[in-house]
Structure formats: structure tokens, C-alpha cells
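This report goes through one protein model, part by part. Look at the model first, then read on.

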Amino acid sequence: MEGPGGPKGLEGLRVPDGLSARVPAEQRGSGRDDVRLLVSRGTEVSHHVFGELPGQLRAGDVLVVNTSRTLPAAVDARLGAERLVVHFSTRGDDGRWAVELRTPGPPGRSGHKGATLARAGGPAGAVVRLPGGGHLVLQEPLDPAGTRLWWARVDGGGDVPGLLGRHGRPIRYGYTERDQPLSAYQTVFALPSPDGTGSAEMPSAGRPFTARLVAELVSRGVQFAPIRLDTGVASAEAHEPPYPERFEVPATTARLVNAAVAGGGRIVAVGTTAVRALESAAGPRGGVRAASGWTDLVITPRRGVRVVDGLLTGLHEPEASHLLMLEAIAGREALEAGYTEAVLHLYLWHEFGDVHLVLPDENAHSPSCASNLW
């Protein structure tokens, strides 16, 4: 049975606080790629380091990567006498922004800003003072049933990317030890956008990749296909399902994926964002076409996946809605086996942590459908 969070079989799993990755891998070890790699093929689980990823893939496989860059989306602000942190999440087509208001936590040592605490949004009509003299006017909840995210308008239209560039910092959660520079939240695949927008939170599955590892994978015949999905602010406390996000699947990526599927290659998404974008561009029988706009797709075991064969992703909390996506790709038993092993072997969680590669069980895998089946 599907619940509001992850699969019911994981509800008894508890991740010890000590398994939260509190600093980036390069501050714990030798570099970004100095993380562990848990590999699941069905219920068979094996343990590796990330540098061994090329040996887990084969010529003809396609890695679908998110090129969205991470924004310094957290800004100090005030509502009357109340100190706030505004998380800028997503820009709407009408120029408004979906924002989350947070309460500042206690400051860290050496001048660190510290993490933030949950706060209800609103009220409607409230005027939030921004650094540099700008104002943010709250208008209505993004979801009438919720209060966390609100649509708001910056006075005069406002250059929000410019504001973030001057006064923003990366969104930080309480399990991290200290502030990090924006560069720590950019992946090797990140590209600037013409309008300055991007992701409120890092598409973190791509973080361990280095230019050297990308070159090695290409030399072995693994191909890379770019998509873009600008991630919004996650619900760190409530584990809400994702809401609509802007995405793009270029025509070149659609052709590459369709050709790989027709040739027997596996489509491995790097991150849940890549799954959401690619599956939003998939037809009912599996072909992919160029697509862009907004996606409200939520992938569950009932919906299933049509294009993606495998997934490289971080480790998600047992309550997280992303686990329904993993169950749709891997199956319930495989997911339970992998997560049990991850806790037993002390893998690290969250955006600076270790990664999980979910591949098809070759003994049970049937060939993918041919491309362009619409």
C-alpha cells in the first residue's frame, strides 16, 4: 500500500542522526567523488566506492543528467519586527515567486548564519522587507490546502536573480555542520540559464561526478543526455509530495534516449529530478519527445515508469515521497533490501552523503520497447 511518504515496508526503518552527512565529501576525504556507492540489482546488493561507477555500467547506457544550476536562494528579511529567512523557490509564468518563510535558527560559530526552523506562511497582504530596500508582498498559498509555500510579488517586478546574487546564500538544513559556499552546491553539469533562474536546492545526485570520471565514462561508451528541471524548496519537515516544477527535455536528448532504447541500452537517470523530467516527456508506450513547460507528475508504483531503467540517487528519509519513485523503478523488495544494507553499513544520508545506484535485475528484465512509440 502506498502512503503519503515512502513505502510502508520502510516505516520501521530509522536512520540514526549520526548518519547525516554534515559537510561535503571533499571536507571529509579526498574529493567530491570520495563517497560510497551502494548498488542494487533487484534484491542483490553490493558495496563500492563512487570511482567504481564505470564498472557498473556498460557501453550503450545513457546517463540522464540535470543541468540546472543551484541558486543562492536563501535571503534574510523582516516582517515588521520579526526576523525571517525567505527561501525563493520557483518563479511563475506571471513573474511571481513561490516563497517559503522560515524562522532563523541560532547562529553558528565564526559568524555562520545557521539553519532555519519551519514557520507557517502568510498572512495575505503582508509586506516583507528585503535587503537592498526591496519588498515582497505575500498574495496567496501555492496550494489552498497548505500554508508552507506562498505566491508573492516583488515590488516593481524585481530582479530576483540579481537580488539573490547580491544577498543570497544556499539553502541550508539543520543536519549540516556549517555554511558552505555556493560552489559546494553546484554540480559539474550545472549551466547558467539565460534568465538567471535555476534550482532552489541542488540536484544532488550529480554532485559526486568529476570531469575526470565523466571522461572515463565517455571513453567506455557511456553517453550523457542533458535535461533541465529547476527544483523547488523541499519540505524538510513534512515530506510533502513535489509540486509543479519547470522542466525541459531537448530534442537531442529525446533522440539519444530513443536510439539507446532501440539499441538495447539502459536509461539511467541521475537523480529523481531527471526521472521526473524524462518521464514527463515520455509517451504511454515509452518513446520520448522534446518537451518543456511545467510538470506536476508524481511517480508512484501504480503509475510506474515508461523510459527509465535505473536511477543513481542519494539516500532518502524513510518518510520521503521520493521513495515511491524508487519503488516504482526498483520494486518494494529491492528497495527494502538496499535501505536495510545502507543503515547496516553506515552509509551517509542527504545531499553531501553517499549514493545509491538502482539497476534492473537482469534475470527479470525484459527488453525495452522500441523508440518513438506514441
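## Terms and source

Axes are lines fitted to C-alpha atoms, for helices over the stretch in contact, and angles run from 0 to 180 degrees between N-to-C directions. Helices (H or I, at least four residues) and strands (E, at least two) are DSSP runs, numbered from the N terminus.

This is a predicted model, in which local features need pLDDT of at least 70 and side-chain atom pairs count only at pLDDT 80 or more, while totals for chains, interfaces and linings use all residues. Residues are numbered from 1 along each chain as its sequence is written, and side-chain values use heavy atoms, with hydrogens and water left out.

## Overall build

The protein contains eight helices and 16 strands. Its radius of gyration is 20 Å, close to the 21 Å that the globule rule gives for 374 residues, so the protein is as compact as a globular protein of that length. The radius is taken over C-alpha atoms, and the globule rule is 2.2 Å times the number of residues to the power 0.38. Along the principal axes, the C-alpha trace of the protein spans about 65 × 45 × 40 Å.

Strands of a sheet pair through backbone hydrogen bonds, either parallel or antiparallel. Here two strands pair if DSSP finds at least two bridges between them. Nine strands make an open sheet in the order 2-1-16-15-13-3-11-12-14, and the pairing is mixed. Strand 2 (44-49) and strand 14 (291-295) are the edge strands, each pairing on one side only. From one strand to the next, the twist averages 20 degrees.

Strand 1 (residues 36-41) runs antiparallel to strand 2, and six bridges join them. In this pair, S40 stands opposite V45 of strand 2. Helix 5 (residues 251-262) packs on the sheet and touches strand 3 (62-66), strand 11 (223-229), strand 12 (245-249) and strand 13 (267-270). The direction of helix 5 makes about 135 degrees with that of strand 11. Helix 6 also packs on the sheet, where the strands it touches include strand 14 and strand 15 (310-314). The direction of helix 6 makes about 85 degrees with that of strand 11. Touching, or contact, means heavy atoms within 4.5 Å.

## Helix pairs

Two packed helices are described by the angle between their axes and the distance between the axes. The axes of helix 6 (residues 272-280) and helix 7 (residues 322-330) come within 11 Å and cross at roughly 65 degrees. These two helices are therefore roughly perpendicular to each other. Angles under 35 degrees count as roughly parallel, over 145 as roughly antiparallel, 65 to 115 as roughly perpendicular and the rest as oblique. T272, V275 and R276 in helix 6 meet H322, M325, L326 and I329 in helix 7. By class, the residues of this contact are four nonpolar, two polar and one charged. Ala, Val, Leu, Ile, Met, Phe, Trp, Tyr, Cys and Pro count as nonpolar, Asp, Glu, Lys and Arg as charged, and the others, Gly among them, as polar.

Helix 7 also packs with helix 8 (residues 332-344), at an angle of about 120 degrees and with the axes 7 Å apart. From helix 7, L323, L326, E327 and A330 meet R332, A334, L335 and Y339 of helix 8. This contact has six nonpolar, no polar and two charged residues.

Three bridges join strand 8 (residues 127-129) to strand 9 (residues 135-141), and the two run antiparallel. V128 stands opposite L136 in strand 9. Strands 8 and 9 form a hairpin with five residues between them, and G132 in the turn has a positive phi of about 85 degrees. Strand 9 is joined by five bridges to strand 10 (residues 149-154), again antiparallel.

## Two backbone details

The peptide bond from G122 to P123 is cis, with omega near 5 degrees. P123 lies in the loop between strand 7 (116-117) and strand 8.
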